[in-house]
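Please look over the sequence and the model below before reading on. The report is meant to be read alongside them.

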Amino acid sequence: MRKLVNFRWMALWVWTVLSYMPLFAQDNVIDEVVWVVGDEAILKSDVEEMRLDAIYNGRNFDGDPYCVIPEEIAVQKLFLHQAELDSIVVSESEVVSQVDYMINQYVSRIGSLEKMEEYWNKSATQIRETLRENAREGLTVQRMQQELVGDIKITPAEVRRYFQKLPQDSIPYIPTQVEVEIITQKPKVPVEEIEDVKRRLREFTERVNKGETSFSTLARMYSEDRMSAINGGEMPFYGRGQLDPAFANVAFNLQDPTKVSKVVESEYGFHIIQLIEKRGDRIRVRHILLRPHVPESALEAGMARLDSIADDIRNGKFTFEEAASVLSHDKDTRNNHGLLPNPNTNTSKFEMQELPPEIAKVVDKMQVGEISEAFTMIPQATGKEECVIVKLKSRTNGHKATITDDYQNLKNLVLEKRRAEVLEKWIREKQKHTYVRIKEGWNTCEFKYPGWIKE
C-alpha cells in the first residue's frame, strides 16, 4: 500500500532513528534530570530506555553507556535547536513513512505485530504515536545534517590520494556482491475465487450499512492487512502519491464517513474503504483487505511455465534478458531486462544479506550465468505469492578494495569521512555557545566532545 522510504546515511543518523525505539515496558524508572542542553532536559529514563534498546539490538558501546548515550542525545538536541532556528521542518507524510519503516523493522525481528504489542505491553496505536515524535526528530536531524554537508564534493584526485595514503592493514574489505536478474509469473487466480472475495466484501458493506456491526469490528476479524486490522482497519494520514493509484482514486473521492466504498482492486488484493478524515491533500481511512486464495494447482502451473522458459533460454531460443523484458510480470525489473535494483544503494549490486531471503538462498549455490529452477516467494511489498526464476549475472567475491574496481566505494568512504569532519567541527563550535549543565556523577566521563564541560 505504501511506498516506504529507504534511509541510509551517516552513523549518527542511523543511530538517531533506528535505535530510538523506547522499551515501552520500562515505566518503573525513577526519573531525574541528568543533563540540560540549552533549555532541553535529558532524563535518566531517556538514557535507560536507549541503553536497554541498544542491548536488544545487540549494540556494543565504545565506553560507558551512561556516558555515551547522554552525549549522543545532547548532540541530537544541538541539531534540533539549529533546525528550529533555520526553520527546517519535515512533512507529515515523511514521518508516517518513517514510522511504518521502524514498525516493520521491529515486527520482522519480533515475529508479528501481536508479539510486538505483547512485548511492550502497548497497543499498535500507542506504539505508533510514541514513535511519531521520535521519527520527526530523527528526520529533522537528518535534514539539518544534509544542510550542513550537502554541498561537499569529492574529486577523483582526492580519492586516489586517500587510497594511496592508506596503510595496507587499513584498506577496506569489500564483501561479496552479486547482481541478479529475475523473471516472475503471478499465478492465475480462478474467477470463482475472485468473485467469492468480492461477494464477501459486499456482504461486509451490507452488514455495516444495516447497522449490524461496525466497519472496525469486521476489519479486526477479517482484514488481511494485519498492520491496520489490529486498529480496526485504520490507516495513518497519507497523501495520494503514497497509496496504490487505484486505492487512492476511490479513497480520495469519498465524502461521507458513514458510507462504505465500492469494492476496489489494487496490486495488494481487494478492498472496501471508509473515510475517517480529510486534511488538506492528505486523507485518513480505514479499509478491509481480502486476497484471493491462490490454489496449489496455479502455483504448480506458474512454476512449470517458468521451468519451460528457463529450458528455452538454456537451449538458446532467446536470452534471459529478452524473456524478462517480454514475459516477466515484475513491473520494477521488466523494463531493465530483469535486473534487480538495490533500493539501499541505487545500484544493481547486493550483498547476500540484502537480497530477499528466498532469492539469497537460491543464488548462494549458483554459478555466474546459471539459471535457477522455478521457486516461489512472497514479496514484502504485496504479500502475494508468486513464481520466480533467477539468473546470477555477476558475483564479485569479497576482497580488499582497489582503486580500479572499487572506485565508487572508496569515493563514498572519502565523502563520509569529509562529512563527518564537517559535522564534528560544527558540533564543537556549537558547544561553545550552548548552555550545558550535567548532574554530579554524570560529568566525570571521557566524552567524545570534551566541550560539554566548561572551565
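What follows describes a strand with its pairing partners and then the cysteines of this predicted model.

**Strand β1 and its partners**

Strand β1 covers residues 33-37, and because four of these five residues are buried, the strand is largely enclosed by the rest of the structure. It pairs in the antiparallel sense with strand β2 (residues 40-43), over four bridges, and Val33 of β1 has Leu43 as its bridge partner in β2. Two residues lie between the strands of this hairpin of β1 and β2, where Gly38 takes a positive phi near 65°. β1 also pairs with strand β13 (residues 436-438), again in the antiparallel sense, over three bridges; here the bridge partner of Val37 is Val436.

**The disulfide and the cysteines**

The structure holds one disulfide, formed by Cys67 and Cys445, whose sulfur atoms are 1.9 Å apart. With -70° about the S-S bond, this link of Cys67 and Cys445 is left-handed. The pair joins distant parts of the chain, since Cys67 lies in helix α3 (residues 65-85) while Cys445 lies in the segment after β13, 378 residues away.

| Residue | Relative accessible area | State |
|---|---|---|
| Cys67 | 14% | buried |
| Cys445 | 16% | buried |
| Cys387 | 0% | buried |

Cys67, at 14%, therefore counts as buried, and Cys445, at 16%, is likewise buried.

Methods
Residues numbered from 1 in each chain as written. Predicted model: local features only at pLDDT ≥ 70, side-chain atom pairs only at ≥ 80, totals over all residues. Heavy atoms only, no water. Buried < 20%, exposed > 50% of the residue type's maximum accessible area, 1.4 Å probe, protein only. Pairing = 2+ DSSP bridges. Disulfide = S-S within 2.5 Å.
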